[in-house]
Amino acid sequence: MAFLDKFSQALTSEDSFAGKTPSLLTRDFIIKHAAKLGIIIVAAWLYIGLRYNCEASLYHLNQLKEELNDVRYTTIARWGELTGKNKPDIIRRKVLQSDITLEAADEPPIRVK
Amino acid sequence: MSFGKRFAVVLGLILLYICCIAFQSFRTIVSDGDKYRALVGKLNRENQVIPQVRGFIFSDNDEMLAGSLPEYDIYLDFRSTTRPNEKGEINIPADTINKYFSPSGEGSMALAKIAPQRTAAQWSALIQEGYTKRNGHLLIIRALSYTGYKELRQMPYFNKQRYRNGLTRDERAHRYRPFGDTRMAARTIGSVYARKDTAGRIGSGRGGIELAYDSLLRGVPGRGYRQSIRRRMIDIIESEPVNGANVHTTLNVEMQDILDRALGKRILELHADGGWAAVMDVHTGQIKAISNLHRTGDSAVVEDYNHLVEDLYDPGSTFKTVSYMVLLDNDKITPETIVNTGNTAQNPSDWNCHGKHIKDDHPVGTVTADEAIVQSSNIAVAKLTCQAYESNPDAYLAGIEKIGMMNDLALNCDFPGAQAPRKRSTKEKTWSKVSLGQISYGYENRIPGLYMLNFYNAIANGGKLMRPYIVREVEKDGKVLYEREPEVVNKNICSPKTLEAVRHALRGVVEHGTAKSINSKRVTIAGKTGTAQRYANGNYDYGNGHYVSFAGFFPFEDPQYSMIVVIDVRPPYPGRPGGGYMAGPVFRQFAEEIYALHCEKSLHDVTPDTLHRRLPEVKRGPQEDTEYLLSKLRLDSLNFKPTELDGVKEIIPNVVGMGAEDALYALETRGLRVQMSGMGRVVRQSLTAGSPAVKGSSIELTLKN
């Protein structure tokens, strides 16, 4: 207890660090530094908001990229499939196997105009 | 308690709290630091390579010949589900596996559909066995395509989230070729390294155009890092990947298909070892089709390495045309110069040329120089050449040099591994007294097939020797990075008079010479046959096999395409080896099909039928076009009275009697939707002519011949 008394005296005397430094969370302190506190709060709010938006944008961007890649690869795959199926020999065989009476031309066309 | 004491207590507690935090932080950094650094590394992966997309390779009319798609190896991890056990491992419940992977379960059926190499029952057995063994990395499908993977992910069991079904995958870039890997100039187009080779290359070109233009096709990968955002790993890009440029070739898919079909069929008929062929556009030097086929069995041929540019072989009798050109252009002979081969049917004989016995395939007796080419007489050509140049063989070689066909064209910019012709010189140790004669009819000079084709192309092109090429343009995002124009290497390989004589002889080869079996009524072909013994085991021997060939151009009157066909036949031969009847049919089939598809006649080529003066059948259609046609065919004097179609747009016209195209035009311009069935002319229309045309309504047409 004596220690505690001495410690508290040291803290509360005017010459001590506690005596010389202003008290925090007092009304006067808050009024005096209201602008600074306001700026800190606004900055923190902006930071959190912007960071959230940034992360949301990155997430959305990533989703769009995945969609774009999906469309690209699906397009290439379908395009390739159609190209392969349109190989002249494949069409020729399908025509021969069907009841279509088309025949390959054996004379070139005549240009009229 | 006084204020001071209370303050001291509170401050002391705060200080104690701060000390505890500092102590715990110190402990975390020192003892658990590695564990948390590893966790950060797992969550935030830096220096990620963002892959680029390799460029496309296109045909001459922008059909895809090669493109990049991802492909996947699919694995199942049977240790994954939601709740971990005491060891931290997680397991898929057994009832889930039994439900989906019984022999008739949805999962088994899905796998059987995606990967039909196993039945549903076999898939069920595989999965059950893997589950029983708690296999954490069971490979179920290798090299699954992108669309296959998408389809799999929509199927029962596999449409669950990863930690519920244990599905994992390895992704890699796959070079996709719509026409497959075994035909359609596959080796000329080339391939890429799918997995890392010994040099650590992956995704880089491996032969063909893929290798030659790898630096442009490849692109540049991007860099970034992975970060967990909203529980998903997202790529944060620091530098964007640069996709590769696209290469546009001169290859024509239709021509390539016809060439593959004709050559493949002939190789199988002859039971040959393989064959190679190429087609060039006469005026530009563009290579429109190229095939290098190797027989793998009794009924299959596949693309082999590029023999046409990488092989050096004796051209055989196709080289006689070169000798003939040199002799004519230097006024050593005329087409009418007589030469006695001494080899007749009654008295078969060969010619002893300094100890080398030169033989003819069939006796020709005494012939003109022109006929010597037409009948492909080795003795005649060798005699003419030796008589003219024996005292000065360098002059003969200089004559060949002047043509320019033996000069290195640096074709390896388009064809990696391309060889240049081996020129002979009198200064070489291997030059002997027989060399002049042998070279004259196609031996001792080793030439890639593409150079022989280029020579015949020059004959077709009015004497202009072109540089062959197969890539015409490289572009990226529509911007042309590189463009190639036709290049003339030699404006005149010989004089016009010599050229005319050579062309006459080549036409004669097909009309009544060694290639008369391929003389077509539909298209005029000119060219030269070749039959050369293969050099193997240190000598030329009949039993080594033969390269039989035909090189030429069509149509003779106005050459559009030149072509060479070489077939490698081995004993037992299906008849005496000969370029005319072995390689020639490939040429003829190609020429006839392409002539009908890619060439056109003019009205001047059409002779009006003056005997039967009647109006031909004309479909109902545009009056102006019909009148023009009839006037050009000089049939306009006939009694032609067209009836005008009702031009009112609100009324359905009578389209009976019209062809499909004209009926479609007449109806669609009135806002109607047309459905057709059958072929020929319209015989019936579902909506009555003269009734109001309601925009958007459907009309059915029946067509018949």
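**Note on two sheets of chain B**

1. Chain B contains an open sheet of 6 strands, ordered β13-β12-β11-β26-β25-β22, in which the pairing is antiparallel. Its edge strands are β13 (301–303) and β22 (526–533) of chain B, each of which pairs on one side only. From one strand to the next, the twist averages 15°. The model under discussion is a predicted one.

2. Within this sheet, strand β11 (residues 274–281) and strand β12 (residues 287–295) of chain B are joined in the antiparallel sense over 7 bridges. B:Ala278 has B:Ile290 as its bridge partner in β12(B). Helix α11 (residues 253–270) of chain B packs on the sheet, where it touches β11, β12, β13 and β26 (561–569) of chain B. The direction of helix α11 makes about 25° with that of β12(B).

3. Another open sheet of chain B has 3 strands in the order β28-β30-β29, with mixed pairing. Strands β28 (673–678) and β29 (681–685) of chain B stand at the edges and have a single partner strand each, so one side of each is left without a neighbour in the sheet. Here the twist averages 35° from one strand to the next.

4. β28(B) and strand β30 (residues 698–704) of chain B run parallel and are joined by 6 bridges. The bridge partner of B:Gly678 in β30(B) is B:Leu703. Helix α23 (residues 660–668) of chain B packs on this sheet and touches β28, β29 and β30 of chain B, its direction making about 160° with that of β28(B).

Definitions and conventions: Residues are numbered from 1 along each chain as its sequence is written. Chains are lettered from A and ligands numbered from 1 in the order in which they are written. This is a predicted model: local features need pLDDT of at least 70, side-chain atom pairs count only at pLDDT 80 or more; totals for chains, interfaces and linings use all residues. Two strands pair if DSSP finds at least two bridges between them. Helices (H or I, at least four residues) and strands (E, at least two) are DSSP runs, numbered from the N terminus. Axes are lines fitted to C-alpha atoms, for helices over the stretch in contact, and angles run from 0 to 180 degrees between N-to-C directions. Two residues are in contact if their C-beta atoms, placed from the backbone, lie within 7 Å.
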